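Please keep the sequence and the coordinates at hand while reading.

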Amino acid sequence: MASLPLLRQVLVPALVLLCLSPACAARRVSVAVYYETLCPFCSGFVVNDLARIFRNGLSSNVDLRLVPFGNGRVSPDGSMSCQHGEDECQLNAIEACVISVWPDAERHFPFIYCIEHLSLTRKWGAWQSCFHETGLPSQPVIDCYNSGYGRQLELRYAAETNALQPPHKFVPWVVVNGRPLGDDYTNFEAYICNAYDGELPEACRGKHLQIAQHTRASRGHQRNPRELAIVLAFCIALWF
């Protein structure tokens with residue numbers, strides 16, 4: 001039977017390694033944005049709010065899912081109509097193709113940002129300039145759109161949007177870790193900081209951190225797996 005000192009020498013380093021392992025690492029926060037390309041509120045959110053997490057580094061703690069369909073409709077015959085007309089249907093499909101070709105948000109978001117910035121200035125007809133602006137090749141996206149695959153993606157997005165529970169009431173409709181934010185969607189960073197179970201990143205400091213701490217205090221602090229493993233290792237060391 002192993003002696004107590006030997007047991008301690010084995011268990012404590014093992015628990016410390018567990019604390020540093022990916023299994024114990026903080027989980028990224030899921031953020032889903034349901035929107036449509038020519039909606040002024042959606043464009044304003046993408047350009048003025050969502051873009052901020054790519055500048056302040058919070059995006060590295062987030063799994064971002066963009067769903068460009070919004071308040072569109074799919075008829076029984078499969079035809080689609082969009083709230084802001086045919087241009088919006090086209091741009092929804094274009095953005096869907098960009099997201100499909102480059103699934104990493106760090107790659108596709110600059111293109112989405114470019115189109116939404118053009119939308120805000122009512123210059124969305126120049127959307128192809130975003131290829132030059134972002135350095136992304138145009139052919140994969142054009143092929144995706146012309147082949148009809150963009151439309152298939154839009155039908156999937158339509159089904160996903162229409163299946164939301166509770167149903168979306170407007171766009172942009174922002175959901176953080178499964179929680180719809182409703183009218184408070186511009187404050188999404190506070191919800192990300194509150195949901196993140198690791199050491200809070202620098203981007204959470206200040207106003208958003210204060211809001212997150214207030215919410216955490218109201219529900220009680222919940223230790224994450226890394227904290228629990230460290231505490232357990234410390235207790236074993238004291239016990240033996």
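## Overall fold

Two residues are in contact when heavy atoms of theirs lie within 4.5 Å. On that basis, among the contacts in the protein chain between residues at least 6 apart in sequence, 71% join residues that are at least 24 apart. The model is a predicted one, and its protein chain has 11 helices and six strands. Of the 240 residues in the protein chain, 45% are buried.

## The four-stranded sheet

An open sheet is formed by four strands in the order E2-E1-E5-E6, and the pairing within it is mixed. Strand E2 (62-68) and strand E6 (179-180) stand at the edges with a single partner strand each, so that one side of each is left without a neighbour in the sheet. Strands of a sheet pair through backbone hydrogen bonds, in either a parallel or an antiparallel manner.

Strand E5 (residues 173-176) runs antiparallel to E6, to which it is joined by two bridges, and Val175 stands opposite Pro180 in E6. E5 and E6 form a hairpin with two residues between them, and in this turn Asn177 has a positive phi of about 50°. Strand E1 (residues 29-35) is joined to E5 by four bridges, and these two strands also run antiparallel; here Tyr34 stands opposite Trp173 in E5.

In a regular strand the side chains alternate between the two faces of the sheet.

In soluble globular proteins, nonpolar side chains tend to be buried together. The largest nonpolar core in this model has 60 residues, of which Val31, Val33, Leu50, Leu66, Phe111 and Val174 touch the most other members. The largest share of this core comes from helix H5 (residues 105-120), which gives seven residues.

With its neighbours within four places in sequence left aside, Phe111 is in contact with Ile94, Val98, Trp127, Cys130, Phe131, Thr134 and Leu136. Ser119 is found in helix H5. Ser119 has a relative accessible area of 8% and is therefore buried, the cut-off being under 20%. Apart from neighbours within four places in sequence, the contacts of Ser119 are Thr37, Leu38, Ser43 and Trp124.

## An enclosed helix

Helix H9 (residues 188-195) is largely enclosed by the rest of the structure, because seven of its eight residues are buried. These buried residues are Phe188, Glu189, Ala190, Tyr191, Ile192, Cys193 and Asn194.

## The second largest pocket

Rolling a probe the size of a water molecule over the atoms shows where empty space is left. The second largest pocket has a volume of about 210 Å³, and the elements that give two or more residues to its lining are helix H4 (86-101) and helix H8 (149-162). H4 gives the most to this lining, with four residues.

The residues that line the second largest pocket are Ser79, Met80, Cys82, Glu86, Cys89, Gln90, Ala93, Tyr145, Gly148, Gly150, Arg151 and Glu154. Sorted by class, the lining has five nonpolar, four polar and three charged residues.

Key: Residues numbered from 1 in each chain as written. Predicted model: local features only at pLDDT ≥ 70, side-chain atom pairs only at ≥ 80, totals over all residues. Heavy atoms only, no water. Buried < 20%, exposed > 50% of the residue type's maximum accessible area, 1.4 Å probe, protein only. Core = buried A, V, L, I, M, F, W, Y, C linked by side-chain atoms within 4.5 Å. 1 Å grid on protein atoms, 1.4 Å probe; cavity = no way out; pocket = protein on both sides within 12 Å on 5 of 7 lines; lining within 4 Å. Points joined across faces, edges and corners; volume = space filled by probe spheres on them. Nonpolar A, V, L, I, M, F, W, Y, C, P; charged D, E, K, R; others polar. Pairing = 2+ DSSP bridges.
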